[in-house]
Amino acid sequence: MTDISAADLATIYPKPTPRVIAKARPSIDAHAKNFIAMSPFCVLATSGADGSVDASPRGGHPGFIHVEGPNLLLMPDRSGNNRIDSFKNIVEGSGFLQLIFFVPGIDETLRVGGRGRLSADPQLLASMVEFGKPPRAVLRIEVSEAYFHCGKALMRSRLWSQEAQVKRASFPSISEVIHDQTTLGEPESQAAVEARYKTQL
């Protein structure tokens, strides 16, 4: 097995068409603004000062990320596990980030790139109450690129297909997973965990 080099890529993949290149826009246009307004979920990717990479899910009511202008998004931060890996990367690293927005039922996704800064301005926090609580911080994203991905990945995965949905009982709850991963003393064997999965299927 030989690892592919940068020079090899050009021999494996043809150049993207001019139309594909032109899809990358330098700001949020009307289509991207509308898509973000419909989106209840996105993935936020950041990189740390040490070169490490983090990707974390973010969600809320549709439009929970506010479009304040063609080059400015505001993302309120809601209660989580307090690891704040993304925010540490933003304040300690370059601040560069990427978002991928999803809209249930639509196979296309929207990628937005830019640079982030954190704010805890009281007036800003008070203006973004959701679920009865203000956010603990707000991520200001200075947008430099917006790009619609075609729907091939979601179509292949059948992500929105009702027939592709798995039974919730086929996977343990997050509390069960964390219990298994953090139990003090003799941990349950891998074979025992796999046997439990087989009985749930």
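What is the volume of the largest pocket? About 420 Å³. The legends below start with the whole chain and then move to close-up views.

**Figure 1. Overview of the predicted model.** This is a predicted model, in which local features need pLDDT of at least 70, side-chain atom pairs count only at pLDDT 80 or more, and totals for chains, interfaces and linings use all residues. Residues are numbered from 1 along each chain as its sequence is written, and side-chain values use heavy atoms, with hydrogens and water left out. The protein has eight helices and seven strands. Both are DSSP runs numbered from the N terminus: helices are H or I with at least four residues, strands are E with at least two. Along the principal axes, the C-alpha atoms fill a box of roughly 55 × 55 × 40 Å. Of the 201 residues, 29% are buried. Buried means under 20% relative accessible area, exposed over 50%, and partly exposed in between, with a 1.4 Å probe and protein chains only.

Figure 2. A pocket is found on a 1 Å grid over the protein atoms alone: it is an open set of points where a 1.4 Å probe fits, with protein on both sides within 12 Å along at least five of seven lines. Lining residues have an atom within 4 Å of a point. Grid points are joined across faces, edges and corners, and the volume is the space filled by probe spheres set on the points. Here 20 residues form the lining. Ser56, Pro57, Arg58, Gly80 and Asn81 lie nearest the pocket centre. Strand S2 (53-59), strand S4 (72-77) and helix H4 (85-92) each supply at least two lining residues. S2 gives the largest share, six residues. By class, the lining has six nonpolar, seven polar and seven charged residues. Nonpolar covers Ala, Val, Leu, Ile, Met, Phe, Trp, Tyr, Cys and Pro; charged covers Asp, Glu, Lys and Arg; the others, Gly among them, are polar.

**Figure 3. The second largest pocket and Arg158.** This pocket has a volume of about 180 Å³. Its lining consists of Arg158, Leu159, Ala164, Gln165 and Val166. Three of these residues are nonpolar, one is polar and one is charged. Arg158 lies in the loop between helix H6 (152-157) and helix H7 (174-182). Its relative accessibility is 43%, so Arg158 counts as partly exposed. Phi of Arg158 is near 55°, a positive value in a residue other than glycine. Most residues other than glycine have a negative phi.

**Figure 4. Two aromatic pairs.** A search of the whole structure finds two aromatic pairs. Rings of Phe, Tyr and Trp (its six-membered ring) pair if their centres lie within 6.5 Å; planes under 30 degrees apart are stacked, over 60 edge-to-face, and the rest tilted. Phe35 and Phe148 are edge-to-face, 5.5 Å centre to centre with 85° between the planes. Phe35 is in helix H3 (residues 30-38) and Phe148 in strand S7 (residues 137-149), so this pair ties together parts 113 residues apart in sequence. Phe35 is buried at 6% relative accessibility; Phe148 is partly exposed at 25%. In the other pair, the ring centres of Phe41 and Phe102 are 5.7 Å apart and the planes lie at 55°, so the pair is tilted. Phe41 is in strand S1 (residues 41-47) and Phe102 in strand S5 (residues 96-103), 61 residues apart. Phe41 is partly exposed at 33% relative accessibility, and Phe102 is buried at 16%.

**Figure 5. Arginines over aromatic rings.** A charge sits over a ring if NZ of Lys or CZ of Arg is within 6 Å of the ring centre and within 35 degrees of the ring normal. Arg111 lies over the face of Tyr147, 5.0 Å from the ring centre. The charged end of Arg115 sits over the ring of Phe96, 4.4 Å from its centre.

**Figure 6. Cysteines without a disulfide.** The structure holds zero disulfides, a disulfide being a pair of cysteine sulfur atoms within 2.5 Å. Cys42 is in no disulfide, and the nearest cysteine sulfur, that of Cys150, is 20 Å away. That distance is too far for a bond. Cys42 is buried at 0% relative accessibility, while Cys150 is partly exposed at 44%.
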